[in-house]
Amino acid sequence: KGDRQKKIAVLTSGGDSAGMNAAVRAVVRQGIARGCQTYIIREGWEGLLGRSLRGRYIVRVGWDDVRGWLGEGGTLIGSSRCPSFREREGRLKAAQNLIKFGIDCLAVCGGDGSLTGADKLRGEWPSLIEELHNTGRITTEEVEAYRHLNIVGLVGSIDNDMSMTDLTIGALTALHRICESIDSISSTASSHSRAFVIEVMGRHCGWLALLAGIATGADFIFIPESPPKTDDWESEMCDLLRSHRAVGKRKSIVIVAEGAIDRNLEPIKPDYVKSILVDRLGLDTRVTTLGHTQRGGRPCAYDRILPTLQGVQAVQALLDATPETPSYMIGTQENKITKVPLLEAVAQTQAVAAAIESKDFAKAMSYRDSEFQEMLQAFQISSSLSPDAHVPESKRLRIGIIHVGAPAGGMNAATRQAVRFCHNRGHTPVAIYNGFEGLLDDNVSELSWLRVDTWTTRGGSELGTNRTLPDIDIGQVAAAFQRHSIDALLVIGGFEAFHSVLLLEQNRTNYPSFQIPIVHLPATLSNNVPLTDFSLGSDTSLNALVEACDAIRQSASASRNRVFVVETQGGMSGYIATLGALAVGAVLVYTPEVGINLHLLSDDVEFLRKRYELDTKGKSEGRLVIKSEKASSIYTTETLTKIFKEEGKDLFDARSASLGHTLQGGTPSPLDRTRAARLSLRCMQFLEKHGVPRAQEQKGKRHYSKETACMIAIRGSNVEFATMDEVVAHGDMKLRRGKDVWWRDIKELAEVM
């Protein structure tokens, strides 16, 4: 029994979501890599209860059976809602079918209902096999061999409604679809000065509505967990929209989650919201229900990466499981894949609905993660024009905002949130155009609330940015700080921005102008800033890479036996290349951290030759090789392509494609927009806490500490502020990247998968 080969099955159940196929692919391939037999169960629990045992529903699959699944939406193995499985007789049939196929490890990808059913099957397993044995449906040997069933849950839900995980599989792709739709609607709304009421999914969870509101710059949102503050929500909404129109805003966007309610649990429906806007404000109003468009489409980059990492962890959890361990759910917290007791997560999820039902909205919000609560605060601040939250005049600051380095998606969204925070609290936002060069030219102005209204969706840098550091003329920079009465400074950018803050901090002793709170918000597609796991712009860049590689793969596959060498940006950091390779299913990836040598190249050529020899004749596929632009100065993209083409001979051909600056441009991804709002809010709260009004007018010795010049960082499961000394200690200043990066092992995983 101990030597019996493990058999792992995977099924998808409940509503489909983008990324489920990536999760199935990961479980299958990681299972095979760990020496297990792998099976798929078609049509979810319905398939497990299927009447046929000839392999129609439960099918053994190999490595190539899940080829090309990463970029497919929905679930290719089918899903269903199965009332029969809720009955004991149904679970008895499921147990019998699993035993007949020798399966004792089951990965289930679905929502809380599907995962609860899976755990119930495991809990009843001893009594189920006893009943099957007593009725003669399984043998004594089978009872002994399959005494325990191991279960693991992967959460597939576009609503992102599962507690104890920050993100569920498919939620971010659904947010992409919503933002694409609202971005398109916004232009026509502005053209005709219309209002649009947009209904999005979310029965008990307002995550989609909330994050879409932040990402698209909506005016008002309705979510189940946090209904409007007053019973007269109609007046509350109209007053807010009227204030927006009064300052010159031409469009009004109201987002309604399908489960939206007021404080008395009465449903809030889009058509009623429309009637209020028409009757009270006289706005030309339209209603758009996005419906199932939110479920469809190709998975975004993160909904390929996350399910892959979680699928790998799911296999590990199944192999580590014992009869004593609980069933686990694989989740994520900030940037850490987590393993939590499945029933605990389900119970907390159901507690949210119960709290809403009992009108305990504070309790419902407490069950949501800290990110959800911070996002709601960020939205409310960005949408409000009320002076109620203003600090006393004696505490109001002039806060400078500057972009440094290369442009990155999310820079403008972060700036918008910073400006809106200033107006909400009574501070003055001071825009510094064209970096430190612009500061020296006094290219500085105050930003109004309306000026930044549409900045969430804009790529690049509206303030203008360059790589010039303050040491171009440190004395004149200090004088400019005094001239423009800068009390605090927000620096948005990549490695150059970090270096700028470091220089300002190092020169504080000589120049009292710099003895103000300064915070760096990392924004660079390279994601090379030390100490932080993510920088703004890196997700936008990954999505641009995925979109390009999907098109390139299509071309390569049409030619059957073509290898494409795709060159990406990233400087001396291999982040984009590595995560991109995992997201598009590249067979090889070359990064600056590892480099390229003759021995490695020889092994890779041999691998490609063997892989094409194993392909069924006429059914070869196009394959991708991702190369970071600075992986090697000798083995360039052109050189690699020529080597692959020469060594491929009759087996495969080779071509190259350089993505270049396409990775910098375009509309920022919803993740970069919302992350920008959240981190920018944290930064502004930090500056407000440590800032002193009229700081540049102070005479004599000032009190300041190293802690007031810092960088905001996402580290594992936490968001924290790090001093410049901490960042420098974790950075390689010569190679301009971090010393110890969390994604280092993903290169090997990408090539294995």
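Select Asp 104 to begin. Leaving aside neighbours within four places in sequence, Asp 104 is in contact (heavy atoms within 4.5 Å) with Arg 4, Lys 6, Lys 7, Tyr 146, His 148, Leu 149 and Asn 150. This is a predicted model, where local features need pLDDT of at least 70, side-chain atom pairs count only at pLDDT 80 or more, and totals for chains, interfaces and linings use all residues. Residues are numbered from 1 along each chain as its sequence is written, and side-chain values use heavy atoms, with hydrogens and water left out.

Stay on Asp 104. Is this residue buried or exposed? Asp 104 counts as buried because its relative accessibility is 5%. Buried means under 20% relative accessible area, exposed means over 50%, and partly exposed lies in between (1.4 Å probe, protein chains only). Asp 104 sits in the loop between helix H3 (88-100) and strand S4 (105-110). Helices (H or I, at least four residues) and strands (E, at least two) are DSSP runs, numbered from the N terminus.

Show domain 2 with domain 3. Their contact takes 15 residues from domain 2 and 13 residues from domain 3. Between them, domain 2 and domain 3 bury about 1,100 Å², with 69% of it on carbon and sulfur atoms. Buried area is the accessible area (1.4 Å probe) that two parts lose on being put together, summed over both.

Next, select strand S12, residues 398-404. Six of its seven residues are buried. S12 pairs with strand S13 (residues 428-432) in the parallel sense, over five bridges. Two strands pair if DSSP finds at least two bridges between them. Find Ile 401: its bridge partner in S13 is Ala 431. Then turn to strand S15 (residues 488-493), which runs parallel to S12 and is joined to it by six bridges. Here Val 404 stands opposite Gly 493.

Finish at Leu 490. Which residues does Leu 490 touch, not counting those up to four places away in sequence? Among them are Gly 400, Ile 401, Ile 402, Val 519 and Leu 521. Leu 490, Leu 521 and Ile 626 have the most contacts inside the largest nonpolar core, which has 73 residues. Such a core is a set of buried Ala, Val, Leu, Ile, Met, Phe, Trp, Tyr and Cys residues joined through side-chain atoms within 4.5 Å.
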